[in-house]
Amino acid sequence: MKKYFLLSVFLCIVLALSAQDESIKTFSGHNSDVYSVSYSPDGKYLASGSMDKTIKIWDVNSGKCIKTFSGYNDWVTSVSYSPDGKYIASGSYKEIKIWDVNTGNCLKTFSGHNYEVRSVSYSPDGKYLASGSDDETIK
């Protein structure tokens, strides 16, 4: 239960914090808890993954959602931009998907974890993708 409590703290996306810990901008649009966020390498966009089974791409300056990726049957628990900004990796229950940022198409789906994928992260050169799961493994 503790895991879900900590994750539910992120019901909305708060862009940045000033020295006084006040939010600068709030992004609203998901229909459920937001589990993960990732800035694009150029800092212009923010990707978010949610319990509503979608990934949204946000324009940081305007705060508007510019794209929504669908295709999961379960919660999106992790998102990560590739170092070149062309792809987003996302994790969910037992699977990882790679998305083309421009088209919103799912390019590849990986399976292999036995439980929820909690974290995905690209290597600095973009050649590798690591994932961590509730099955107590890193792949």
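Where is aspartate 84 found? Aspartate 84 sits in the loop between strand E7 (78-81) and strand E8 (87-91), where helices (H or I, at least four residues) and strands (E, at least two) are DSSP runs numbered from the N terminus.

## Basis of the model

This is a predicted model, in which local features need pLDDT of at least 70 and side-chain atom pairs count only at pLDDT 80 or more, while totals for chains, interfaces and linings use all residues. Residues are numbered from 1 along each chain as its sequence is written, and side-chain values use heavy atoms, with hydrogens and water left out.

## Surroundings of aspartate 84

With 48% relative accessibility, aspartate 84 counts as partly exposed; buried means under 20% relative accessible area, exposed over 50%, and partly exposed in between (1.4 Å probe, protein chains only). Its side chain makes a polar contact of 2.6 Å with the side chain of serine 82, and a polar atom of that aspartate 84 side chain lies 2.9 Å from the backbone nitrogen of lysine 86. A polar contact is a pair of N or O atoms within 3.5 Å; within protein, one must be able to donate a hydrogen and the other to accept it, and residues adjacent in sequence count only if both atoms are side-chain atoms.

## Strand E5 and its partners

Six of the six residues of strand E5 (residues 54-59) are buried, so E5 is largely enclosed by the rest of the structure. Strand E4 (residues 45-50) runs antiparallel to E5 and is joined to E5 by five bridges, and five bridges likewise join E5 to the antiparallel strand E6 (residues 65-70); two strands pair if DSSP finds at least two bridges between them.
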